[in-house]
Amino acid sequence: QVQLVESGGGLVEPGGSLTLSCAASTNILGFYATGWYRQFPGKQRALVAHITRTDSINYSDSVKGRFTISRDNAKNTVYLQMDNLQPDDTAVYYCNAIQNTGVRGFQHYWGQGTQVTVSS
């Protein structure tokens, strides 16, 4: 059973920074991709950033230039460094891992979610 354990959320003032961490219970390079989604109240989860096994990185347009995703293979952990945070970034952030199961397609795994609140 894959587990993703998140940490690092909290309250920060506009312009501030936070770093989210997500530790996987298994070899993180066994996933096709790992990354972060966020969910605003009443909305569906949307991609923030992900990094593939081959280190290809994709960001949503709204966070480009402000957020940085990285991965520590030795720690089986993926990070999201968030700089210049704005109130519109307030959301629940979820760690995501995608496993290519072959004939059964892609399997998504999720962390428990961590609240990020940007407010003065």
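**View 1. Pairing of Leu-4 with strand E3.** In this predicted model, Leu-4 has Ala-24 of E3 as its bridge partner. Strand E1 and strand E3 (residues 18-24) run antiparallel and are joined by four bridges. Two strands count as paired if DSSP finds at least two bridges between them; strands are DSSP runs (E, at least two residues), numbered from the N terminus.

**View 2. The open sheet.** Four strands form an open sheet in the order E1-E3-E8-E7, with antiparallel pairing. Strands E1 (4-7) and E7 (67-72) stand at the edges with a single partner strand each, so one side of each has no neighbour in the sheet. From one strand to the next, the twist averages 15 degrees, where axes are lines fitted to C-alpha atoms and angles run from 0 to 180 degrees between N-to-C directions.

**View 3. The hairpin of E7 and E8.** E7 pairs with strand E8 (residues 77-82) in the antiparallel sense over six bridges, and Ser-70 has Tyr-79 of E8 as its bridge partner. Four residues separate E7 and E8 in this hairpin, and Asn-76 in the turn has a positive phi of about 50 degrees.

View 4. Ser-60 lies in the loop between strand E6 (57-59) and E7. Ser-60 is buried, with a relative accessible area of 17% (buried means under 20%, with a 1.4 Å probe and protein chains only). Leaving out residues up to four places away in sequence, Ser-60 touches Leu-47 and Val-48; contact means heavy atoms within 4.5 Å.

**Notes.** Residues are numbered from 1 along each chain as its sequence is written, and side-chain values use heavy atoms, without hydrogens and water. Local features need pLDDT of at least 70 and side-chain atom pairs count only at pLDDT 80 or more, whereas totals for chains, interfaces and linings use all residues.

Methods. Buried means under 20% relative accessible area, exposed over 50%, partly exposed in between (1.4 Å probe, protein chains only).
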